[in-house]
Amino acid sequence: MKIFAYGIRDDELSSLRKWEAAHPDFEVGYTGDTLTPDTAALAEGSNGVITLQTTPYEREALERLSEYGIKSISIRNVGFDNFDFKDLNDFGMKLTNVPVYSPNAIAEHTVLLMGRLLRRVPEVDVKFDNGDFTWAPTIGREYREQTVGVIGTGHIGRVVIKILQGFGAKVVAYDVYHNADIEKQGLYVDSLEELYKQSDIITLHVPLFDSNKYMINDEAISQMKDGVIIVNCARGELIDTDALIAGLDSGKIGGAGLDVLDNENSVFGHKWGSIDNLPNPKIKNLAERINVIITPHNAFYTETAVHNMITVAFDSNKALIDGETPNNLVDTSK
């Protein structure tokens, strides 16, 4: 049996080779390239494919895999919004994801972004760069004085809540599906509007659907507290960038910590030499602001998470090839 993996980075090779050594009946091939109509040919002769990319999975690429008899695809991440389920169903393909690889990795990054904004670290950094080692006027705020609104109480959201509670912050939460433990703690509010009105900081931990695209828009921001901090380590398309910029301009939004951006592929993954060279004017606008912190979709990026992403994806692909139904099979009928 053979599995071919796309988009493999150097930091994934150790875990890949460990998996291959533990499964001598499987041959593993790989490339650093993403899955495209052109690179699909690399998987010819394989029984399954593993991939990870933020760009869309093109129908032509999937069609070519199907022509090679490949019906099993496993992605090494959570989100599958860059697949068209119709394509998968048309070609009779099964898809698995990695629903949980390390909630702590993303949760810790989220809370670190909050902390850097609360303590005005970017402003202090600029002062230091200019030889200014004074305190004022960059006075900060403490977690225990904040009400943090957590939107989405899945694996990541719940870890965020636990960390915030350790700092003494007050937490309110909203989710269409209530978690029993969070319900027991009495943290849920009845509406997003109520969460917006109460929160000094708002953090997003929901998957992206057509129904919640640009959920943080002009109307939502108008319902928030003046000076609110918004953190997004989920999906960039949850926030309307124009609305975010307008809120920052007016002072309604006091700061933002963004690990994901709308149209992030226009800048992420490249070396630009300087912010001045960014080709996306909206992202450049955000990157130039001292009260906005941008990280390049790397909240997940820890040794533990990378190992788990490789291991779970390969285990899942093997299960599909063996005719089994793994518990992380994506329901493409929805």
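This is a short walk through a few places in the structure above.

Before we start, this is a predicted model, so to speak of local features we need pLDDT of at least 70, side-chain atom pairs count only at pLDDT 80 or more, and totals for chains, interfaces and linings use all residues. Residues are numbered from 1 along each chain as its sequence is written, and side-chain values use heavy atoms, with hydrogens and water left out.

Let's begin with two helices. Helices here are DSSP runs of H or I with at least four residues, strands are runs of E with at least two, and both are numbered from the N terminus. Helix H1, residues 13–22, packs against helix H12, residues 303–321. The angle is about 35 degrees, and the axes are 9 Å apart. Axes are lines fitted to C-alpha atoms, for helices over the stretch in contact, and angles run from 0 to 180 degrees between N-to-C directions. The crossing of H1 and H12 is right-handed.

Who makes the contact? From H1, it is Ser15, Leu16 and Trp19. From H12, it is His307, Ile310, Thr311, Phe314, Asp315 and Lys318. Contact means heavy atoms within 4.5 Å. By class, that gives four nonpolar, three polar and two charged residues. For the classes, Ala, Val, Leu, Ile, Met, Phe, Trp, Tyr, Cys and Pro are nonpolar; Asp, Glu, Lys and Arg are charged; the others, Gly among them, are polar.

Next, Thr153. It sits in the loop between strand E6 (147–151) and helix H6 (155–167). Buried or exposed? Thr153 is buried, at 3% relative accessible area. Buried means under 20%, exposed over 50%, and partly exposed in between, with a 1.4 Å probe and protein chains only. Beyond its neighbours within four places in sequence, Thr153 touches Arg158, Ile161, Ala173, Asp175, Tyr177, Asn179, Ile182 and Tyr188.

Gly168 is partly exposed, at 39%. Its C-alpha lies 9.2 Å from that of Glu142, 26 residues apart along the chain.

Now some backbone. Most residues other than glycine have a negative phi, and most peptide bonds are trans. The bond from Ala136 to Pro137 is cis, with omega near 5 degrees. Pro137 is in the loop between helix H5 (121–129) and E6. Tyr214 has a positive phi of about 60 degrees. Its loop runs between strand E8 (201–204) and helix H9 (218–222), and Tyr214 is partly exposed at 27%. His297 also has a positive phi, about 55 degrees. It lies in the loop between strand E11 (292–294) and H12. His297 is partly exposed too, at 23%.

On a 1 Å grid over the protein atoms alone, a cavity is a set of points where a 1.4 Å probe fits but cannot get out; a pocket is an open set with protein on both sides within 12 Å along at least five of seven lines; lining residues have an atom within 4 Å of a point. Points are joined across faces, edges and corners, and a volume is the space filled by probe spheres set on them.

The largest cavity holds about 50 Å³. Its lining includes Gly236, Thr241, Leu258 and Asp262. By class, that lining has six nonpolar, two polar and one charged residues.

The second largest pocket is about 340 Å³. It has 15 lining residues, with Phe268, Ile275, Leu278, Ala287 and Ile294 nearest its centre. The lining has 10 nonpolar, five polar and no charged residues.

Methods:
A crossing is left-handed if the near helix is turned anticlockwise from the far one by less than a right angle, and right-handed if clockwise.
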